[in-house]
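Take a look at the protein below. We will go through its helix pairs, then its salt bridges, then the whole chain.

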Amino acid sequence: MITFLRRLAARQRSLLPGLSVMLPDSLGGGAPASSLIPRVGVSLLARGRRGLMGCTRTHHRGQHTEATDSVEVDLKRLDGEDTGMVEVVMSRHNARNALGHVFVSQMRELMSTLSSDSAVRVVIFRSLVPGVFCAGADLKERALMNDSESDLFVHGLRSMMTQIASLPMPTIAAVDGFALGGGLELALACDLRTAAYSAQMGLIETTRGLLPGAGGTQRLPRAVGITLAKELIFTGRRVGGQTALELGMVNRATEQNQTGDAAYREALSLAREILPQAPIAVRMAKEALNRGTEVDITTAMAIERMCYARVIPTRDRQEGMAAFIERRPPQYTGE
């Protein structure tokens with residue numbers, strides 16, 4: 001029995017070194033490989049995957065629990081005069097909001113929640129990590145994936161961006177720092193963007209032997225034009241907030257403040273301009289704009305008519321007309 005126990009202990013020691021290997025730092029940031037485990041049962045990403053580093057789920061169950069307990073993306077609902085505004089708060093401090101398994105699965109869950117919440121009128125995406133909006137892909141996690149796992153993960157990442165873009169209410173990305181690769185793709189998935197002059201933005205994937213794979217090749221040209229988008233993607237160039245404003249990549253840009261949240265403050269200001277407007281009308285306007293720009297003008301006109309028809313029977317439309325006649329501010333309820 002003693003001999004058997006010694007052999008078992010030796011075998012367990014031989015497995016441990018592979019669980020705590022650290023990979024070099026990269027633009028994507030990251031965490032120890034031991035914590036890079038997707039949440040069980042959450043999202044497409046976790047299904048059918050083999051154990052990382054050749055381990056089974058039984059072997060890395062302890063590390064799995066550590067990853068799922070961390071909150072990397074959360075919701076903050078504002079109140080008072082800002083009731084109806086929600087912030088999506090990104091706070092993966094140890095990896096500069098890199099797009100890892102936990103981050104993506106938590107973001108997708110929150111987007112599912114927001115998509116059916118009629119009380120939300122405006123959503124602001126912001127970062128609590130100083131100097132960073134989102135640094136892009138988690139290259140440490142990517143290094144542990146084989147080709148099929150990488151393709152599956154990017155598919156989930158692309159789906160997350162589509163979820164953001166498909167939210168029915170207006171969305172604003174507050175870029176107070178680096179937004180590189182997938183980080184810029186996340187900002188581009190939002191309807192509007194504000195930036196500090198000191199921010200750095202770029203689809204840098206070609207400098208890493210890749211191309212933007214989470215919507216960047218489609219959303220950037222829709223923001224700045226096809227020719228300029230080609231130049232920015234082919235070269236992997238980064239631009240600051242002032243240049244991004246001039247190119248049409250962001251809606252507003254401002255000098256950074258001492259607290260490092262100037263873009264967020266600008267996003268709040270923009271959201272407060274949207275908040276008083278009739279929420280159903282704003283949602284229908286977003287749908288008409290998004291769907292109409294993807295089709296020919298005749299079909300687009302039909303889409304506009306359909307969206308307009310959905311606004312006519314609302315109480316908000318009646319309130320808007322009454323407020324105009326009575327010369328008072330309207331009080332919209334979203335009905």
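**Helix pairs and salt bridges**

The axes of α7 and helix α8 (residues 226-235) come within 7 Å of each other and cross at roughly 130°. Axes here are lines fitted to C-alpha atoms, for helices over the stretch in contact, and angles run from 0 to 180 degrees between N-to-C directions. α7 is therefore oblique to α8. Angles under 35 degrees count as roughly parallel, over 145 as roughly antiparallel, 65 to 115 as roughly perpendicular, and the rest as oblique. The crossing of α7 and α8 is right-handed. A crossing is right-handed if the near helix is turned clockwise from the far one by less than a right angle, and left-handed if anticlockwise.

This is a predicted model, in which local features need pLDDT of at least 70 and side-chain atom pairs count only at pLDDT 80 or more, while totals for chains, interfaces and linings use all residues. Residues are numbered from 1 along each chain as its sequence is written, and side-chain values use heavy atoms, with hydrogens and water left out.

Which residues of α7 and α8 make the contact? From α7 come G216, T217, L220, P221 and V224. From α8 come I226, L228, A229, L232 and I233. Contact means heavy atoms within 4.5 Å. These residues divide into 8 nonpolar, 2 polar and no charged. Ala, Val, Leu, Ile, Met, Phe, Trp, Tyr, Cys and Pro count as nonpolar; Asp, Glu, Lys and Arg count as charged; the others, Gly among them, are polar.

Now turn to another pair. Helix α11 (residues 279-292) and helix α12 (residues 297-311) pack at about 170°, with their axes 9 Å apart. They are therefore roughly antiparallel to each other. Their crossing is right-handed. Among the α11 residues in the contact are I280, M284 and E287. Residues on the α12 side include I303, M306 and R310. By class, this contact has 9 nonpolar, 1 polar and 4 charged residues.

Next come the salt bridges. How many does a search of the whole structure find? It finds 16. A salt bridge is a side-chain nitrogen of Lys or Arg within 4 Å of a carboxyl oxygen of Asp or Glu.

One of them joins R126 and E87, at 3.4 Å from N to O. R126 lies in strand β3 (residues 122-127) and E87 in strand β2 (residues 85-90), 39 residues apart. Both R126 and E87 are buried. Buried means under 20% relative accessible area, exposed means over 50%, and partly exposed lies in between (1.4 Å probe, protein chains only).

D191 and K286 also meet in a salt bridge, at 2.8 Å from N to O. D191 sits in the loop between α6 (182-189) and β7 (192-196), and K286 in helix α11, 95 residues apart. D191 is partly exposed, at 25%. K286 counts as buried, at 9%.

R222 forms a salt bridge with E294, the closest N and O atoms being 3.0 Å apart. R222 belongs to helix α7, while E294 is in the loop between α11 and α12. R222 is exposed, at 52%. E294 is partly exposed, at 48%. Elsewhere, salt bridges that share partners join E72, R92 and D138 into one network.

Finally, step back. The protein has 13 helices and 10 strands. Helices (H or I, at least four residues) and strands (E, at least two) are DSSP runs, numbered from the N terminus. Of the 335 residues, 48% are buried.
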